[in-house]
Amino acid sequence: MPQSGLPDVSVPRRLSAPAPGWTTTADVIVVGSGIAGLTTALRLRRRVDRVLLVTKTVLDEGSTAWAQGGIAAVMSPEDSPAEHIHDTLVAGVGLCDVDAVRALVTEGTDAVWDLIALGADFDRGDTGKISLTREGGHHRDRILHAGGDATGREISRALIAALDRVRDDPGIEVIEHALVVDLLTDSDERVCGVTLHVIGEGQVDGVGAAHARAVVLATGGLGQIYASTTNPSVATGDGMAAALRAGAVLADLEFVQFHPTVLWLGEGSRGQQPLISEAVRGEGAFLVDEAGERFMQGQHALADLAPRDVVARAIIARMRETGTDHVYLDCRQLGAEFLEHRFPSIVARCRELGFDPATQLLPVAPAQHYASGGVRTDLRGRTSLEGLYACGETSCTGVHGANRLASNSLLEGVVFARRIADDLTARLGAGELPEAAPVASKGEPELVGSKRRLDIQRAMTAGAGTVRSATSLAATEQALGALAVRAATEDADQQGGPQSWETTNLLHLGRALAYAAALREETRGGHVREDFPSRDDDHFLHHVHLRRSGGVLAAEVVPVPRSNLEGLDLDASMPVDVLDEDRAEPAEGTVGASPAVRHTNSANGPEETA
């Protein structure tokens, strides 16, 4: 393995927290209320006796509601599953799991129609057909959007409305303001529940224990690990960190997607930053430098609509060449009327901050946007720990590889949530995953005071951000290791609390991410090494799997079959081989219904999920 001389990175089994003061039980606990968590819970509700859905703040404050661009699916006769698969594989730069991508695409159309049946109101044209647009890396118009640029919020609204309709059902319980602290395991290391902290909600208060036959993690990403991100404040990687501490395999953590066009608000601006959706470029906006020169021509055949990693690297290179800390997005030719109709939220936010995209260039720079890696799962959402499932951004299904294709994230969340619900239904019905009693975790706990969060973010941004090197990653690990040492002394007497637990989660994931990034001595997708600027298929066509073993991070290299590259030119932009027999033909009066990819559960249409 390369870089075998990396220092050991210790990760404790648990966080420092008070002993549980109350207990509850369920068949399945779903953690998270984005598209993945809500879909899982709603689909399970009619199939198992009791589902417990817990969410960190309130139901609609996760990352799903912030998704602007849309959800990708084959919905047009001009499109085909083969083309969507190809675009996804090319964006993933050779590291996608082909079977996972095939499941995503072939089941995705059905999943979108189920969202529509549930009440999601996607934008439609004058004829009543669903409007489709294009984003970076896509060669067809296959992006559905709602409210112009509020797709995630509309999907979240529809799912929460479906949940509200069944709130009186004794088979489902929702606990808001609940932060999961750690996973509970039995004597065989099977996951059988969680410890969670509930903030002042009725009689359920403080730290408690929720026992279950299975746990589904859908807690979103880790964006707050960096100083600047498009992720909401709740995205502190809680599910990933809890899984890592319990010994689950995490994969591809080094592949962090930095969105190319995040509104630049000046030096020192931190936290969640305003995103300018890729869909704006899909409608004709383009990037220019401070001299007004377009610079994406010649970088990629798709120019301004190249995959996100290509655009982000081009922006970083141009900023270095010109000595600036941002470039510009030119939307002016789209006109005020079109921009206000198509992107009302973006336009309103820009104007709130003093920018008018209809008349001014918008200053933009890359910022952390999406974690392509996470808790490694199989095609059914199962992790390496019995009884533990993961989906959405928390998971690593293999769909994204080294770089996520635009608007595939919402689709992944709903498709694999459905798969998890179906797998759990079958297993629980067959008597698998019996009830189990948790055992006490061994080893000393760890807690980092919340005041250390900015130190973690600075270290990660400086050394493991958009551009990395062996030297910068070593500096990051040294800084994070020092914080862990200080936690063992200065913060040792603290009992914890939500902000400290979140900060400790960021520390644990930051150390794991930097470790994985140091192992990959090449540039691929969302992982950019200035000391190894080229992609190296001969030595790095593999995944890095990390897990906690004996209290120390252990890494395993898992090769990717070279057959994954057959029929792909990762440096080209057009499909090499498109199968006509995979082309989707719409049913009369609809968009995208096809015998090849459209499957209903009854003669009346898609199965409802609530």
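Predicted model: local features only at pLDDT ≥ 70, side-chain atom pairs only at ≥ 80, totals over all residues.
Which residues in H2 are buried?

1. **Helix H2.** The buried residues in H2 are Pro-81, Ala-82, Glu-83, His-84, Ile-85, His-86, Asp-87, Thr-88, Leu-89, Val-90 and Ala-91. That makes 11 of the 11 residues of the helix, which spans residues 81–91, so H2 is largely enclosed by the rest of the structure.

2. Two or more lining residues come from each of strand E12 (256–263), helix H7 (308–322), strand E16 (362–371) and helix H11 (453–463).

3. **Make-up of that lining.** Which element gives the most to the lining of the second largest pocket? The answer is E16, with 4 residues. By residue class, the lining of this pocket divides into 14 nonpolar, 9 polar and 4 charged residues.

4. **Glu-477.** Here is a charged side chain to look at in your viewer. Glu-477 belongs to helix H12, residues 470–489. Is Glu-477 buried or exposed? Its relative accessible area is 13%, and the cut-off for buried is under 20%, so Glu-477 counts as buried.

5. Leaving aside residues up to four places away in sequence, Glu-477 touches Pro-7, Val-9 and Arg-511. With Val-9 the sequence separation is 468 residues, while the C-alpha atoms of Glu-477 and Val-9 lie 8.6 Å apart in space.

6. **The five-stranded sheet.** An open sheet is formed by 5 strands with mixed pairing, and their order is E19-E17-E11-E20-E21. Strand E19 (395–396) and strand E21 (552–559) are at the edges; each has a single partner strand, so one side of each is left without a neighbour in the sheet.

7. **The E17–E19 pairing.** How many bridges join strand E17 to E19? There are 2, and the strands run parallel, with E17 covering residues 374–376. To find the pairing on screen, look for Val-375, which stands opposite Ser-395 in E19.

Notes: Residues numbered from 1 in each chain as written. Heavy atoms only, no water. Buried < 20%, exposed > 50% of the residue type's maximum accessible area, 1.4 Å probe, protein only. Contact = heavy atoms within 4.5 Å. Pairing = 2+ DSSP bridges.
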